[in-house]
Amino acid sequence: MYQALYRKYRPQTFKELAGQDPIAETLRNEIRDGRLAHAYLFTGPRGTGKTTSARLLAKALNCEHGPTPDPCAEDAQDAPECRQCKAIRGGTHLDVVEIDAASNRGIDDIRSLQERVQLAPVQGRYKVFIIDEVHMLTDPAWNALLKTLEEPPPRCIFVMATTEVHKVLATVLSRCQRFDFQRIARPALLARLRLVADRENIEIDDAALDVLARRAEGGLRDALSLLDQVAATARRIDADAVYEALGLLPADQILALGEALATRDAVAALDTAYGLLAAGHDHRIILRELLGWARNLLLLQLAPDKAQALDIPAAQAPLLAAQLPHFTQADLLAALEILRETDQALRGSNQQTVWLEVGLLRLCDRTSVASLADLTARVAALEARSHGGSPPAPAPAGRAAPPVHAPPPVRTAQGAPPAPGSPAPAPARPAPAPTAPGNPPPATPPPPPAAAAPPGEGGSYEAALAQQAAGDRDVFHDLLASYQATGLNSKIAAFKTYVLTARRRSDGGVEVRTKSAAFFKEGGEHRKFLLERIREMWGPDSRLEVIEDPGATRRAAATPPAVPARPQNGHAAAPPASGPQASQVALPQPGQPQAGPAATPQAGPAATP
């Protein structure tokens with residue numbers, strides 16, 4: 001009867017354990033020195049040797065020539081395999097008990113196990129209980145096992161294996177000696193695959209083995225299963241046969257699709273995608289391969305000398321590097337975000353072809369994304385030019401340029417000529433009559449209050465201006481510019497919808513008032529993104545305080561103190577009128593007609609209309 005390759009070539013000694021040399025050497029030393037623990041926990045990805053190592057430990061302890069770090073092997077030439085090792089390899093040993101915790105996970109199963117633990121070894125030296133998928137045990141079962149796990153009878157050893165160690169109770173972890181199995185490196189996978197292929201007389205070239213090793217993602221069992229699958233396709237197996245047998249996307253097709261995206265040829269990109277779909281490839285597989293293509297491009301751009309570390313065949317690295325001049329780092333980061341959003345749209349959709357087309361068109365229709373420092377410098381240059389001044393010096397590389405605030409316009413009796421390109425200024429007010437020393441200056445009627453800005457366009461701008469007197473500064477538009485520089489439309493829309501005001505306090509912290517604090521909850525995605533923008537602009541030590549204040553706009557509009565109107569052309573607003581008379585001026589409430597200057601009560605000389 002035919003036996004699967006991963007079962008036939010299961011390691012029989014610790015020396016055959018591929019890719020886990022530190023763990024194998026530690027276990028061999030413990031067996032040789034007699035420093036055995038009573039409970040072991042083996043954790044790691046699937047197919048990396050956890051259950052195999054547990055069986056090897058049982059063989060080493062019960063071997064007729066041991067306990068020995070080198071138990072008997074089935075195909076050993078120097079000595080035949082002993083009865084103990086043969087029984088353990090065949091699964092018939094009475095003292096080596098393997099339990100599947102996925103199907104024996106209740107408290108009754110653990111009670112049955114406890115009864116068997118009390119019995120002395122019958123056939124070998126040690127009773128070894130191998131509990132696979134131990135994270136599937138219920139909480140009552142864990143609690144029933146704790147005491148036995150901490151103080152088992154003599155000659156009894158527990159070995160537990162799991163792929164999800166985060167589900168194991170902390171009280172269990174503290175009672176075990178833990179070994180973390182790593183994904184097997186690609187050279188070790190290739191060596192093992194070549195050994196098995198030669199022993200089985202499978203004619204397969206190195207390029208095909210490399211495809212199998214990359215597809216296995218560090219799992220030797222998966223790699224041997226894939227080799228077993230492709231061995232029946234042809235007498236001689238090459239990379240194309242592996243792609244066809246496993247339903248994988250050929251690397252040259254992905255490079256062709258990437259070339260169309262790099263040159264922004266939407267027609268060629270869609271034609272290539274249609275060809276892949278017609279060949280039976282799934283939409284999400286195409287998207288997954290595109291994600292790997294964009295990742296490899298980004299890594300190749302960051303470290304051109306590390307091309308051998310990419311998840312691609314070595315012959316394709318030059319072809320991938322030829323596409324780099326078409327992308328900036330910001331372009332590739334934006335492409336990864338577009339692919340992520342497209343993947344979310346594909347999940348559960350019955351129009352997957354449409355969303356795949358939309359994603360490809362977005363990648364082709366990209367525009368070069370400028371950095372935040374470049375955008376800030378451009379805005380500062382435009383503001384300086386509009387005021388007739390010289391552009392500010394560029395900010396240091398890697399840091400966003402500070403926002404430039406224009407000085408308030410100077411009012412004179414005759415008025416100042418407007419700057420070129422700026423709107424005509426309002427008629428200047430005559431200078432007030434001189435007053436005698438000691439007399440209070442005449443009060444100037446305050447301007448009418450500006451209408452409250454709607455949420456999403458700065459929120460309560462009046463409240464932010466009033467807070468400037470206490471050393472605070474309105475930074476809503478600075479944050480909005482930072483959001484827009486990322487090009488993430490979902491984040492920009494969320495900021496415009498929920499953020500009412502944003503101000504930077506005198507202590508360096510940033511206070512954001514929002515319609516819903518739950519939207520920016522602690523640890524949430526939007527709060528993390530907002531904190532990243534703040535720390536990118538004002539340093540890594542900047543603090544964020546989120547205040548839920550959906551009525552901020554309404555309260556600011558009804559605030560009694562006079563507040564200057566919101567500027568329309570980017571100039572800073574003139575400071576409010578000062579003096580004892582200014583505090584006596586009553587502002588009209590929303591919905592009431594505004595009184596003219598003559599109706600405003602004044603103290604002292606008559607106000608100038």
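Select Ser53 and show its neighbours: Ser53 touches Phe14, Leu17, Phe42 and Phe181, leaving aside residues up to four places away in sequence. Contact here means heavy atoms within 4.5 Å. Ser53 sits in helix α3, residues 50–62. Helices are DSSP runs of H or I with at least four residues, strands are E runs of at least two, and both are numbered from the N terminus. Ser53 counts as buried because its relative accessibility is 0%. Buried means under 20% relative accessible area, exposed over 50%, and partly exposed in between, with a 1.4 Å probe and protein chains only.

A note before moving on. This is a predicted model, where local features need pLDDT of at least 70, side-chain atom pairs count only at pLDDT 80 or more, and totals for chains, interfaces and linings use all residues. Residues are numbered from 1 along each chain as its sequence is written, and side-chain values use heavy atoms, without hydrogens and water.

**Next stop: α5**

Select residues 107–117, helix α5. Colour Ile110, Leu113 and Val117: these are buried. Look down the axis of α5: its buried residues fall within an arc of 55 degrees, so they line one face of the helix. The arc is taken from the directions from the helix axis to the C-beta atoms. Now turn to the face pointing away from the buried side of α5, where Asp108 and Glu115 are exposed. What do the buried residues of α5 pack against? They pack against β2 (96–100), β3 (127–132), α6 and β4 (156–162).

Select residues 139–150, helix α6. α5 and α6 pack at about 15 degrees, with axes 8 Å apart. Axes are lines fitted to C-alpha atoms, for helices over the stretch in contact, and angles run from 0 to 180 degrees between N-to-C directions. The pair is therefore roughly parallel. Angles under 35 degrees count as roughly parallel, over 145 as roughly antiparallel, 65 to 115 as roughly perpendicular, and the rest as oblique. Show the contact: Ile107, Ile110, Leu113, Gln114 and Val117 of α5 meet Pro140, Ala141, Ala144, Leu145 and Thr148 of α6.

**Last stop: α8 and α10**

Select residues 186–199 for α8 and 220–230 for α10. These helices pack at about 40 degrees, with axes 10 Å apart. α8 and α10 are therefore oblique to each other. Which residues make the contact? Leu189, Arg192, Leu193, Val196 and Ala197 come from α8, and Leu220, Ala223, Leu224 and Leu227 from α10.
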